[in-house]
Amino acid sequence: MLFAKFGQSDSVRPGQETSVVSSTGESFSTSANDYDVEHDPLLKGLNPEQKKAVIHEGSPLLILAGAGSGKTRVITKRISWLVQRKNVNPGRILAITFTNKAAQEMKDRVANRIGLIARAVWVGTFHSMMLRILRQHAEYIGYERSFSILDTDDQRRVLKESMKKEGISDKTTPLRHIHQEISKAKNKLIYPEEYAQMADKDLQKKQIAAIYKNYQQQLEQNNSMDFDDILALTVFLFEKEPEILAYYQERFLHLLVDEYQDTNYAQYVLVKMLAAKHKNLFVVGDDDQSIYSFRGANLMNILDFEKDFQGCRVIRLEQNYRSTRTILAAANSIISQNKQRNHKNLWTQGTEGKKINFYRALDQGEEALYVANQIKHLLSKSENNISGKDIGILYRVNALARNLESALRDRGIVYRIYGGTRFYDRKEIRDIVSYLRLISQPTDDIALLRIINTPRRGIGATTIELLNAAAVREQTYLFDICSRIEEFSELSFAANNILSFVRLINDLRQIMDKNEIEFGYYVKQVTSASGLRAEQEAQLGKLPLEATTRIQNMDELISDAMEFEGRLQEEIEELSQFPDLMEDLDNLTLPLTLEQITEAYLERVALYSDLDQEDQEDAVSLMTIHSAKGLEFDTVFLIGANEGLFPSEQALQSAGEIEEERRLAYVAVTRAKKRLYITATRRRLLYGQTMYQKVSRFATEIPDDLVEEEGGSRHGDDEYSSGFQSDFGWRRSFNSAYERDDRFQRDFAAGVVGSRAGTKESGLKDKAFVATTGFTTQGKGRGLNYKEIAVGDKVSHEQHGTGEIMKITPFSGDAILEINFHGLVKRFKASMSLLKRVED
DNA sequence: GAGGAAGCCATTTTT
DNA sequence: TGGCTTCCTC
């Protein structure tokens, strides 16, 4: 019966196959005999390759779409074409995008062309689409349909809990690492049991395996899943219930995937599963823009596409419609040095355009000043015809945004920083959201723990321990214990406080069930009834700035909730005009209940990032290069083009990572349409330390004739930068480098630096040299000064005993030491470690 | 149990 | 550098 609606025969409805009228009023013949590709208005303006892609039929198709080659256009036209010309039921198309915002844009664009029926197309990220499926069938994998989704912060809390239970200290195995490791495992579809097997004799992996297992149990007990589970559990569901898989295989006649180069293994498996029946797979990607391997994205997915999907076709989109010839040439010169790539040659009919501006500043302050001044200048000249929103400032790490802020603010330039902390991740917001979560899902222990004492209501650690113990004993969830608090004599001392908390939640639940007020107003009630608002208001006297922003954020959440409700209602209303598609709406009949809206809202909160917000104001955008993927700007400033920062210090260790950094550089450069500025510094204060940095290789690789240099050359000028040899003789090389740096500091003060001088040091590895103004460890009696140690020295450590220094890798004015403790090799930062030198 | 002060530590990118 | 935890006092 699952198949009833999407049986084999419904793609063409009788009487409709010859003419479809689009929202724009145009009609076009689609019957097989007289279909004329050349004159189809839908395909107008596409180049031959794009056209080929849009109307491709009969096999899987890979579109290698270079930067700026119009791939979004191809995808939206493809969907329109399928619906209008091939009469495919829009509910049978699944289109995967990389961000929610891209999904929204795609929906809107398709709707513009084919009308509201476009709403029925499944468009979204892997996560949001798989979540939609999981909700339908949660009970098959042991979840209730109302399961909640943990964000990063919740995950950390649960992980900490698991570590405690397993008796593993976060000193030896940092939380970050564990979190990443588990996430990676899930993206590779490695479940706890298998992970444990793989860990074998590796002690740390064994520990992680134990934590992983415990963590997963906690999630299940809590009826919640994390981000990665959304994918992994969908695969699990499909494996476990072939009939459900068969339904979706049948249903999705067409599967489109954007940004295929950034899919991970789990996503690859999902694609393979879902496309297996109809084989109408349409993927678009650019291996040169694969920049998410740290998140488990596997470049091989796109490189091996032809092997994985037998009989597939490949179309290359190599004409770039975005950038000037100069910018494109620079991009090509950077990316052409990568080995692992599917060769493409981007070209453009565009003009040569302006030269790329390169500026080398003294330090980060001057760099920011330069950028701000240039922007001011650009904006003030009307012939430039650009405004704030046409300008993007891109950087490798979020920390670089800070310097720019004040410089921009001083000049009255409106800007917006993307990324960093997500709006929904702010403390005050998460608190309110946790209330909503607990109200809609009383079994959500994680939400309860967050808010039971927020704002403070006298329920402390002792009480929570006892509650936890009771819950374990009674095999139930915490709110249940709280509701029956009088049954637990050991908790009588806290009974009153707990009771008032239970009453609060129950009252709010009742208001929800009465269903008499609007959602936005309901959220407002939650903020005030919970006391969260009053708590911040009380802080106004003490911390006026902080409290004010928090209150503003709460208000913003309320208006966000109002807006959300409006949009949701509208969307459902539109969809309900197509009763035969109503199946997807599940039990959503209008008007929606407060409970339903809350659930939908919680989903959005879990899946939407900062980037997904609509941008209204005319502001300069500041973001990481990662966030900028898929965007374009008239003018781009790429700042922080220094070795050790971009490419990052850790990427310098491996060739593979350098290739990824290079792709990142390629993405950054190709965001620019007309103007590109690249800036670097000589020294930079970052994380409290000053580093002296060379110009990034990505900047020096751009051919000279494309670049105009200001404030210092990209080449040379680095006589003070140097490196080390880590084997014999390292100490001497190091000392000389250090001495030269001393000289640098003197010269610097005297204003000598900048002239080209100095002899080339031979025999030294060409690597960025980093110095500090002092050694942080001195005087504290702990840690080691890396100047005073050498390979072969003996050291002792509180936990690991005595060991021998195997390797010293200088890093950020410090050094990473590799130490062998009787066979166990550990790495430490010299100044941070609890190491003591032992004389032998 | 709450609140403040002092030390601790980590610094890539995020759906 | 600064965010976060831990410890200490009330």
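A: **Salt bridges and rings between loops**

Arginine 341 and aspartate 288 join their side chains in a salt bridge, at 2.8 Å from N to O (a side-chain nitrogen of Lys or Arg within 4 Å of a carboxyl oxygen of Asp or Glu). This pair connects distant parts of the chain, 53 residues apart: arginine 341 is in the loop between helix H14 (325-335) and strand S11 (356-361), and aspartate 288 is in the loop between strand S9 (281-285) and helix H12 (300-303). Helices (H or I, at least four residues) and strands (E, at least two) are DSSP runs, numbered from the N terminus. Arginine 341 and aspartate 288 are both buried; buried means under 20% relative accessible area, exposed over 50%, and partly exposed in between, with a 1.4 Å probe and protein chains only.

The model is predicted: local features need pLDDT of at least 70 and side-chain atom pairs count only at pLDDT 80 or more, whereas totals for chains, interfaces and linings use all residues. Residues are numbered from 1 along each chain as its sequence is written, chains are lettered from A and ligands numbered from 1 in the order in which they are written, and side-chain values use heavy atoms, with hydrogens and water left out.

Aspartate 288 also forms a salt bridge with lysine 344, at 3.4 Å from N to O. Here too distant parts of the chain are linked, with aspartate 288 between S9 and H12 and lysine 344 in the loop between H14 and S11, 56 residues apart. Lysine 344 is buried, as is aspartate 288. The structure holds 48 salt bridges.

The ring centres of phenylalanine 98 and tyrosine 292 are 5.1 Å apart and the planes stand at 50°, so the pair is tilted. Phenylalanine 98 is in the loop between strand S4 (93-97) and helix H3 (100-114), and tyrosine 292 is in the loop between S9 and H12, 194 residues apart. Phenylalanine 98 is partly exposed because its relative accessible area is 24%, whereas tyrosine 292, at 8% relative accessibility, counts as buried.

Notes: Rings of Phe, Tyr and Trp (its six-membered ring) pair if their centres lie within 6.5 Å; planes under 30 degrees apart count as stacked, over 60 as edge-to-face and the rest as tilted.
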